[in-house]
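Hi there,

Here is the structure I promised to pass on to you.

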Amino acid sequence: MPKNIQQIIANSSLSQPPISEIGGQDGQSDRQCHGVWYDAVLFVPALLFVVYMALNAKKNLEKLRNRRSYVMISYYALLWLASGLNLAWCSLQSWQCATGKEVAWNLLSLLTTSGLLCLEISLVGFLLQESYASGLEALARTFTISGIIVGVDMLLKAIYVFGFGVPLFDDVGSTHRMKWGLWIIHKLLLTAVYGFILFVHFSKWREKLPPRPAFYNYVAIMFSVNAIALVGCGLAAIGLGFGIW
């Protein structure tokens, strides 16, 4: 009798499909997404920002038309591009859990992070200039530097994601050490750059930086954001799920 019971249990366990093959009718895999609240925290601010930009688009376009600044026009277009990608990324979080959407999710995440990084680096580079230059030379110099940095960053991420299979943009149930190690390095570099700017601002070399209080407020905010993200990546690397938030 015990042998019969053992045989029934063994047969039932062998008849179960692998976990990776279990999926719902809607194409969802066995992994659970972050949930409604996580998606709402991402989607609502992104949507409100796009709505705010849309409501003020007419006034902003008139200002750009009057000032005729190539730099401001380029940054405004880049802001719209990055905001649109970010809104799409926030609204398509379910792609992380859907079977057959891995490549599409990785491409969308790669484009979104690269667009936001390009906007961030270009803005800092523009504000660090001696004056609000509006010529093509200042525009070309700023976007050349930011383009090289973003291009290298995008290439390395693409190699790790599509070449080595590192789940760089998959936050659902992922404790991949290499993944979080790369994100820690990424956030550490950004935090160090903003921290260095703040250090110079409060040191005896502050005259080497442009006297723009609003710029240093922006740098302080970005330093705090990247420092918090750095801590979150560290917590996620050791298996604490709330670090992803």
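Let me begin with Thr 112, which sits in helix α5 (helices are DSSP runs of H or I with at least four residues, strands are runs of E with at least two, and both are numbered from the N terminus). Thr 112 counts as buried because its relative accessible area is 4%; buried means under 20%, exposed over 50% and partly exposed in between, with a 1.4 Å probe and protein chains only. Setting aside neighbours within four places in sequence, Thr 112 is in contact with Leu 85, Asn 86 and Trp 89, where contact means heavy atoms within 4.5 Å.

Some housekeeping before the rest. This is a predicted model, in which local features need pLDDT of at least 70 and side-chain atom pairs count only at pLDDT 80 or more, while totals for chains, interfaces and linings use all residues. Residues are numbered from 1 along each chain as its sequence is written, and side-chain values use heavy atoms, with hydrogens and water left out.

Now the chain overall. Its secondary structure amounts to eight helices and zero strands, giving the pattern α-α-α-α-α-α-α-α along the sequence. Of the 245 residues in the chain, 33% are buried. Taking contacts between residues at least 6 apart in sequence, 68% join residues at least 24 apart.

On to the helix pairs. For these, axes are lines fitted to C-alpha atoms, over the stretch in contact for helices, and angles run from 0 to 180 degrees between N-to-C directions. Angles under 35 degrees count as roughly parallel, over 145 as roughly antiparallel, 65 to 115 as roughly perpendicular and the rest as oblique.

Helix α5 (residues 102–127) packs with helix α7 (residues 177–201) at an angle of about 15°, their axes being 13 Å apart. The two are therefore roughly parallel. Their crossing is left-handed, meaning that the near helix is turned anticlockwise from the far one by less than a right angle (clockwise would be right-handed). Leu 117, Glu 120 and Val 124 of α5 meet His 186, Leu 190, Tyr 194 and Ile 197 of α7. By class, that contact has five nonpolar, one polar and one charged residues; Ala, Val, Leu, Ile, Met, Phe, Trp, Tyr, Cys and Pro count as nonpolar, Asp, Glu, Lys and Arg as charged, and the others, Gly among them, as polar.

Helix α7 also packs with helix α6 (residues 136–163), at about 170° and with the axes 12 Å apart, so α6 is roughly antiparallel to α7. Here Asp 153, Lys 157 and Tyr 160 of α6 touch Met 178, Leu 182, Trp 183 and His 186 of α7. These residues divide into four nonpolar, one polar and two charged.

The contact is formed by Ala 57, Asn 60, Leu 61 and Leu 64 of α3 with Met 72, Ile 73, Tyr 76 and Trp 80 of α4. Seven of these residues are nonpolar, one is polar and none is charged.

Lastly, the cysteines. Cys 90 is buried because its relative accessibility is 4%, and Cys 233 is buried at 8%. A search of the whole structure finds zero disulfides (pairs of cysteine sulfur atoms within 2.5 Å).
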